[in-house]
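Colleague: I'd like to learn how to read a structure like this one. Could you walk me through a few features?

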Amino acid sequence: MIPSPRRHRLAAAASLVLLACAVHAQTSDPAAPNSPAPIIERNAPPRPAVRPRVTAPKPASEPAAQPSALTADLFYEILMGEMTARSGDPGSGYALVLDAARRLRDGKLFQRAVEIALQSRSGDAALAAARAWQEALPTSRDARRIELQILIALNRIGETVEPLRAEVAATSQIERPLLMAVIARNYSRASDKKLAASVVERALVDELKSPTTGGLAWATVGRLRLNAGDNSGALEAARKGQEVDPASDAPPALALELIDPSQPLAEPVVTRYLASNTKATPDLRIAYARVLVENRRYSDAQTQLQALTTARPELAEPWLLLGSLQMQAKQDGAAETSLKRYIDLSSSQSNKDTDAADRKRGVTQAYLALSQLAERRKDLTGAERWLSRIDSTEDLTIAQTRRAGLLARQGKLPQAREIIRALPERTADDKKQKFLAEVQLLRDAKQYQAAYDMLAQASTAAPDDGDLVYDQAMVAEKLNRLDDMERLLRRLIQLKPESQNAYNALGYSFADRKIRLDEARTLIQKAVQLAPEDPFIADSLGWVEFRLGNTAEAIRILEAAYKTRPDPEIGAHFGEVLWSIGQKDRAVTIWKEALLSDAENETLQETLKRLRVKP
């Protein structure tokens, strides 16, 4: 028969009591060090709980059976506490369970009292239960961990110094890295973040001095300083951590997040570690290479990846990154070798450096890159063959867009446009990407008027879309509608004052036509401020300096830009400046390099034709 609701509740509560008290003589350890901070209110009285969650005790090796201290009165008290908490009076239920916990000295009951208080959003009651737990069972790490979490949630950060110091002391060396990560995560939730960093530093005072733990401890303090917006303090912590423990990877990992032109001392922390530790973790070198790429320091990133692939050729990921950089630098043969090496390693069952999903995404990226390399050498059949190996539905749009480009290059523009138009539109972004892909097909086919008309119509419908405005300006320049181009770029500057591409394009246009050169320099200098590491913007600055007659400055800027990025357009400008001062042999050498990279580059071809040079 179906029991009545009252009997059902009574049975559930009785089961709960039996679970809580069956092993009351031993202390449970359910709270892991990375448990999230509870959500509580500082002084709220207990409110009715909504279906409290009960966690069954974990299996544990049982000590020898001992006589139970659970009397009938205590059993009844616990039962009434649970029923009272469930029936809408958690305050009374909390008091009954906590009293039973004290009398039995049972960790599970103390934990249950904490849970009742937390479910009622009564932080002070939860803290009182946790401290009573510690008083009854001084060796319980669970009690201390829960007390720490509650204090942090209540923003009583100053009271956590001693319990945190005790928790660190009780943690083995092998578990310290995990504990430090938990400390950084939990204390980052404090509302007073500067105080949190200061408190953790005081609690870790002994660890900060130790050669074995100093690097990790200082990195933990540094992360909390960084979380508080104190970048200089975070860098100081990274440097101190490295001084104490040069072999630790924690300080350089922190310094990686601080690399910026405004923090010139951050990068040396990373480079010192990589130079002095032959067993430096590959992940850190890869992360460093990624930071260098983000800062457009492609040559430096390539150097790091070449060092890693030499030292650890069995790792897959560095080969993909290296191949991508080599491809960008027009080192096509080396890029193809690196990308194929990545595919071979990724398909090997013994490769464990990434999970299956990451490997699949990486292999797709490699196929796309190899297709592009084949297209560069006009092997359109080979390019299609690489695309046909992509079987991921998630990458369908990219693969089909590349396939459409191949058709367009073969003069099959209508078929190419149909492929783009047939792509699915799951989101508004999908629709926009399809549109831009079709416009790019028209631009590549030199159908500039059709591309301009499409962009003009789209811009009318979305007048504040900066991407559309910029693309329309670039097509207007191809149509020699220079007034339209200037109008559109000035509108883009109004829409997006931080758009370095708008300043650069307008300034370069003036410089290339030898008009309004002072304004051109001002515009390009603004672009340089917004993107100081961009070699193409540096090329524009060098070109306007040349137009202004500052040849030595132009050579300095263009030489650095070409070294960073040996692009054929930069090479065309650099060579022309050298040619103008009589360094014709050097100019011809640079032009030959540029032709090998991209013989069809319009700027390069126009330069050679105008100067009547045949390298």
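Modeller: Gladly! Keep in mind that this is a predicted model. Let's start with one side chain: Arg-144 touches Gln-134, Pro-163, Ala-166, Glu-167 and Ala-170, leaving out residues up to four places away in sequence.

Colleague: Where does Arg-144 lie?

Modeller: Arg-144 is part of helix H6.

Colleague: And is Arg-144 buried or exposed?

Modeller: The general idea is that a residue counts as buried under 20% relative accessible area. Arg-144 has 9% relative accessibility, so it counts as buried.

Colleague: Which helix holds Ile-146?

Modeller: Helix H6, which covers residues 141-153, holds Ile-146 too. Ile-146 counts as buried because its relative accessibility is 10%.

Colleague: How far apart are Ile-146 and Ala-126 in space?

Modeller: Their C-alpha atoms are 9.1 Å apart, while 20 residues separate Ile-146 and Ala-126 in sequence.

Colleague: Now the cores, please. Which residues touch the most other members of the largest nonpolar core?

Modeller: A nonpolar core joins buried residues such as Leu, Val and Phe through their side-chain atoms. Here the largest one has 68 residues, and those touching the most other members are Phe-435, Leu-441, Leu-489, Val-544, Phe-574, Val-577 and Trp-591. Helix H27, residues 500-512, gives this core its largest share, seven residues. Apart from this core lies another, with 50 residues, including Tyr-288, Val-291, Leu-321 and Leu-406.

Colleague: What is Phe-435 in contact with?

Modeller: Setting aside neighbours within four places in sequence, Phe-435 is in contact with Met-454, Leu-455, Ala-458 and Leu-468.

Note on methods
Residues numbered from 1 in each chain as written. Predicted model: local features only at pLDDT ≥ 70, side-chain atom pairs only at ≥ 80, totals over all residues. Heavy atoms only, no water. Core = buried A, V, L, I, M, F, W, Y, C linked by side-chain atoms within 4.5 Å. Buried < 20%, exposed > 50% of the residue type's maximum accessible area, 1.4 Å probe, protein only. Helix = DSSP H or I, 4+ residues; strand = E, 2+ residues; numbered from the N terminus. Contact = heavy atoms within 4.5 Å.
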